[in-house]
Amino acid sequence: MAGGDQNGTGNVSYTDFLLLAFPGLQESRYLLAIPFFCLYLMIVAGNSILIYTVRTDHSLHSPMYVLIALLFAVNLCGSTVILPKMLLSFLLGVSHISLTECLVQMFFIYFVLMLDCNVLLLMALDRYVAICHPLHYAGIMTKKLLAILTITALARSLAVVGPVVILASQVRFCRSNIIGHFACEHMALMKLSCGDISRNKVVGLAARTITILFDFGFLLGSYGCILQVSMQMSSGHARHKAFHTCGTHLMVILTVYSCSLVSSLVFRLAKSASQDVHNLLSAVYLFLPWILNPIIYGMRTKEIQDSLWKLLRRKWAHLVPSKAAAVSRTK
């Protein structure tokens, strides 16, 4: 800590903090660690298995499946940024974090969330080209364009999140050094500020508003055109396949954006709710999409299902002879 006092009258700012996840449930923190540890294992296992499935099956190396695998990779990164530190906080009671570490974690949390939305936009673009311009799909959605779009998604995430985190780094924090949250969430940290943060609020609100308006406009335009073209298809099988594929993407989109919207609304409307309730809503908003995405794609995408079963059968076929050989050697 560089200095400061608990009343916020110091001339310098705290540079070391304590992350206090679910402040009202500290006595039960060891029990809280169990479900969140299981949640982390499920996120890592589900996303990793499907990434490996897409990577090992060459029939899944088309742009749509590459983007799905990219979404799973983003899910893995997001959970790893938050959950290990959160579990440590449960086990130790508090978790020390420097201001620099806090800002780095904040950057990666929002960078991953933004990248998550950007990948969904790329998926919408991919389906738009595949369904509305099927004859030109292979020529348009090349590996080169996919790489350019991925770099653009990364650059957009950086452009939106960077200014918010840079402005946060310029704020003085002298109210307290205890962050009543499981992660360095922006508003949780801003509550500890003792200066004027109106600029931070304006930039944050502007970034969020512009992003949401653009995303919803892009998604509505893309899937609106897809719906119009699909309704005009003469083949019932092709129409069903288009609806099924896009329906799967829309389920993921609704999961991601509805969790964000509900969490944001409750945070603003339920101001009298305890910090634990707000933290739980943040946890649902962050972790629910990361655990549901592989389930949705794994259950609704036949090609991924078939490849996964083939992979499991192949692994089992290798495992059974190995066990049989080991038994015969012992006899």
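Which helix gives the most to the lining of the largest pocket? The structure examined here is a predicted model, in which local features need pLDDT of at least 70 and side-chain atom pairs count only at pLDDT 80 or more, while totals for chains, interfaces and linings use all residues. Residues are numbered from 1 along each chain as its sequence is written, and side-chain values use heavy atoms, with hydrogens and water left out.

The largest pocket holds about 1,200 Å³ of space. A pocket is an open set of points on a 1 Å grid over the protein atoms alone, where a 1.4 Å probe fits and protein lies on both sides within 12 Å along at least five of seven lines; lining residues have an atom within 4 Å of a point. The volume is the space filled by probe spheres set on the points, which are joined across faces, edges and corners. Of the 45 lining residues, Tyr110, Glu185, Arg208, Ser260 and Tyr285 are the closest to the centre of the largest pocket. Helix α7 gives the most to this lining, with eleven residues. At least two residues each come from α3 (99-132), α5 (143-169), α6 (186-190), α7 (198-231), α8 (236-269) and α9 (275-300). Helices (H or I, at least four residues) and strands (E, at least two) are DSSP runs, numbered from the N terminus. The lining comprises 26 nonpolar, twelve polar and seven charged residues, where Ala, Val, Leu, Ile, Met, Phe, Trp, Tyr, Cys and Pro count as nonpolar, Asp, Glu, Lys and Arg as charged, and the others, Gly among them, as polar.

The second largest pocket contains about 470 Å³ of space. Its lining consists of 22 residues, with Met64, Arg127, Lys241, Thr245 and Glu303 nearest the centre. Here α8 gives the most, with eight residues. By class, ten lining residues of the second largest pocket are nonpolar, seven polar and five charged.

Helix α1 (residues 29-56) packs against α2 at an angle of about 160 degrees, their axes being 9 Å apart. Axes are lines fitted to C-alpha atoms over the stretch in contact, and angles run from 0 to 180 degrees between N-to-C directions. The two helices are therefore roughly antiparallel, a term for angles over 145 degrees. Their contact involves 23 nonpolar residues, six polar and one charged.

Two disulfides are present, a disulfide being a pair of cysteine sulfur atoms within 2.5 Å. One of them joins Cys102 to Cys184, with an S to S distance of 2.0 Å. Cys102 lies in helix α3 and Cys184 in the loop between β3 (178-179) and α6, so that distant parts of the chain, 82 residues apart, are linked.

Methods: Angles under 35 degrees count as roughly parallel, over 145 as roughly antiparallel, 65 to 115 as roughly perpendicular and the rest as oblique.
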